[in-house]
Amino acid sequence: MRTIGLAADHAGFELKEFAKRWLETKGYAIKDFGTHSTESCDYSDYGHALAFSVESGECAFGIAVCGSGEGIGMTVNKHQGIRAALCWKPEIARLARQHNDANILVLPGRFISQEETVPVLEAFFDSEFEGGRHLRRIKKIPLFPRP
């Protein structure tokens, strides 16, 4: 069973909780890095914890949510082993996995409904990295490329 990490700030809390319930119904193990309320907080505190867990392999994938998705996305993408993709349509989520081997799905909590989120989650978690020419490209992403 793959463990999925979740992180959000106050603006993304409700959508994170919705995504958590959806993942649980699909049988995924969950590690919730917070936040745990709608009280104002800083997305970076939770985003870094999520990114470290995905980098280390503790979590296979992650979901990060803030109001626009931009701040928490910028935060997690500071980590060398993270390829986070801001997705609001299933096609974007599918391509992020297939072409970019995205390992964190970033959602814009204030701009996507729960109903719109389900197909995005399905596309992200049902898609596989295609490898091939895409592998060459993603190896060039880290500041210090791996051999």
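Biologist: Let's start with Ser40. Is Ser40 buried or exposed?
Modeller: Keep in mind that this is a predicted model. Ser40 counts as exposed, because its relative accessibility is 61% and the cut-off for exposed is over 50%.

Biologist: Where is Ser40 in the chain?
Modeller: You'll find Ser40 in the loop between strand 2 and helix 2.

Biologist: And how many Å apart are Ser40 and Gly132 in space?
Modeller: From C-alpha to C-alpha, 43 Å lie between Ser40 and Gly132, and in sequence they are 92 residues apart.

Biologist: Okay, now salt bridges. How many salt bridges does the count come to?
Modeller: The count comes to seven salt bridges. In general, side chains of opposite charge can pair when their charged atoms come close.

Biologist: What do the side chains of Glu58 and Lys31 do?
Modeller: They meet in a salt bridge, with 3.4 Å from N to O. This pair links distant parts of the chain, 27 residues apart: Lys31 is in strand 2 (residues 29–32), while Glu58 is in the loop between helix 2 (43–56) and strand 3 (61–66).

Biologist: What about Arg83 and Asp101, are they buried or exposed?
Modeller: Both Arg83 and Asp101 are buried. Their side chains meet in a salt bridge of 3.2 Å, N to O. This pair also links distant parts of the chain, 18 residues apart, with Arg83 in the loop between helix 3 (70–76) and strand 4 (84–86) and Asp101 in the loop between helix 4 (90–100) and strand 5 (104–108).

Biologist: Which Arg meets Asp101 at 2.9 Å?
Modeller: That's Arg97, whose side chain forms a salt bridge with Asp101. Arg97 is buried, like Asp101.

Biologist: And what is phi of Asp101?
Modeller: Phi of Asp101 is near 50°, a positive value in a residue other than glycine.

Biologist: Which residues are linked in a network of salt bridges?
Modeller: Lys16, Glu17, Lys20 and Asp32 are linked that way.

Biologist: Switching to helix 5. Which of its residues are buried?
Modeller: In helix 5, the buried residues are Thr117, Val120, Leu121, Ala123, Phe124 and Phe125. Here's a handy rule for reading such a list: an α-helix has 3.6 residues a turn, so residues three or four places apart point the same way.

Biologist: What do those buried residues pack against?
Modeller: The buried residues of helix 5 pack against strand 1 (3–8), helix 1 (13–25), strand 3, helix 4 and strand 5.

Biologist: How many Å should helix 5 span?
Modeller: Helix 5 has 13 residues (114–126), so at 1.5 Å a residue it should span 18 Å. Its end C-alpha atoms are 18 Å apart, which agrees.

Biologist: Last one, Thr75 in helix 3. What is Thr75 in contact with?
Modeller: If we leave aside neighbours within four places in sequence, Thr75 is in contact with Tyr43, Ser44, Gly47 and His48. Thr75 counts as buried because its relative accessibility is 9%, and buried means under 20%.

Key:
Residues are numbered from 1 along each chain as its sequence is written. This is a predicted model: local features need pLDDT of at least 70, side-chain atom pairs count only at pLDDT 80 or more; totals for chains, interfaces and linings use all residues. Side-chain values use heavy atoms; hydrogens and water are left out. A salt bridge is a side-chain nitrogen of Lys or Arg within 4 Å of a carboxyl oxygen of Asp or Glu. Helices (H or I, at least four residues) and strands (E, at least two) are DSSP runs, numbered from the N terminus. Buried means under 20% relative accessible area, exposed over 50%, partly exposed in between (1.4 Å probe, protein chains only). The expected span of a helix is 1.5 Å times one less than its number of residues. Contact means heavy atoms within 4.5 Å.
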